[in-house]
Amino acid sequence: MKKGTFYSIGVGPGNPKLMTLEAVETIKACDVIALPQSGGKQNVAFEIAKDYLDGKEIVFCDMPMIRGGKELRRYHEEAAGALGRHLDGGKDVGFLTLGDPSIYSTAMYIHRILKEAGYRTGMIAGVPSFCAAAARLDIALCEGRQPLHVIPASYRNMEQALLLPGTQVLMKSGKSVGELKEFLETQDKDVSAVECCGMENEKIHYGLDTLGGDASYFSVIIAKEKTI
């Protein structure tokens, strides 16, 4: 029997209108849809794509909010094993992930394991959260020769990273807002942020004064060099 194909599908940052046509078409073509489950009350990827999931076999994959190591690797391998059984049965599987699958995506851990095991795989690009956030703020991320740095808020050398020239995008920065604000206030930068970009509870911050310590995990901070 011909084995199925595994797709990592980027569904964008939150607004269903930002899903690409290719993402919608791939979801419709897949027999099984996999979703990461981290213990939260709401599955954001499901909410984004729910209009296209009728009649699909849904598989939830446990992906707890813990950092790397053997325990997290075990969850990835268990999910890959479960999805591999569907692929072995000839079913195409689509794993939905927020934003783009190539940018700090849970999907890519499963993707890599299955690819190394010999399964056919494909990636469907999605709109990254920081691009959507820049659009909501009505600003350019970078211009001319300015470099762009995309940095996870958990990065250990954050202060050094924020000294880099150009624009810094700080991903998933909710829990780190306090420390980030304290350091950014010492820098001559234009700083803005978007919480839950494209979602019902979206908040836009033109500056950091209104961004509190209880900011959402789905917060993107954009720190730009001031231009003359």
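Tutor: In what follows, the axis of a helix is a line fitted to its C-alpha atoms over the stretch in contact, and an angle runs from 0 to 180 degrees between N-to-C directions. Please keep in mind that the model above is predicted.

Student: At what angle do helix α3 and helix α4 pack, and how many Å apart are their axes?

Tutor: Two packed helices are described by the angle between their axes and by the distance between those axes. Here, helix α3 (residues 70-88) packs with helix α4 (residues 107-116) at an angle of about 60°, and their axes are 9 Å apart. Angles from 65 to 115 degrees would count as roughly perpendicular and those under 35 as roughly parallel, and α3 and α4 are therefore oblique to each other. The crossing in which α3 passes α4 is right-handed.

Student: Which residues in α3 and α4 meet?

Tutor: From α3 come R73, H76, E77, A79, A80, L83, G84 and L87, and they meet Y109, I110, I113 and L114 in α4. By class, the residues of this contact are eight nonpolar, two polar and two charged.

Student: What volume does the second largest pocket have, and which helix supplies the largest share of its lining?

Tutor: Rolling a probe the size of a water molecule over the atoms shows where empty space is left. The second largest pocket has a volume of about 190 Å³, and residues lining this pocket include A153, Y155, M158, E179 and F183. Both α6 (158-161) and α7 (177-184) supply at least two residues of the lining, while the largest share, four residues, comes from α7. The lining has six nonpolar, one polar and three charged residues.

Conventions
Residues are numbered from 1 along each chain as its sequence is written. This is a predicted model: local features need pLDDT of at least 70, side-chain atom pairs count only at pLDDT 80 or more; totals for chains, interfaces and linings use all residues. Side-chain values use heavy atoms; hydrogens and water are left out. Angles under 35 degrees count as roughly parallel, over 145 as roughly antiparallel, 65 to 115 as roughly perpendicular and the rest as oblique. A crossing is left-handed if the near helix is turned anticlockwise from the far one by less than a right angle, and right-handed if clockwise. Contact means heavy atoms within 4.5 Å. Ala, Val, Leu, Ile, Met, Phe, Trp, Tyr, Cys and Pro count as nonpolar, Asp, Glu, Lys and Arg as charged, and the others, Gly among them, as polar. On a 1 Å grid over the protein atoms alone, a cavity is a set of points where a 1.4 Å probe fits but cannot get out, and a pocket is an open set with protein on both sides within 12 Å along at least five of seven lines; lining residues have an atom within 4 Å of a point. Grid points are joined across faces, edges and corners, and a volume is the space filled by probe spheres set on the points.
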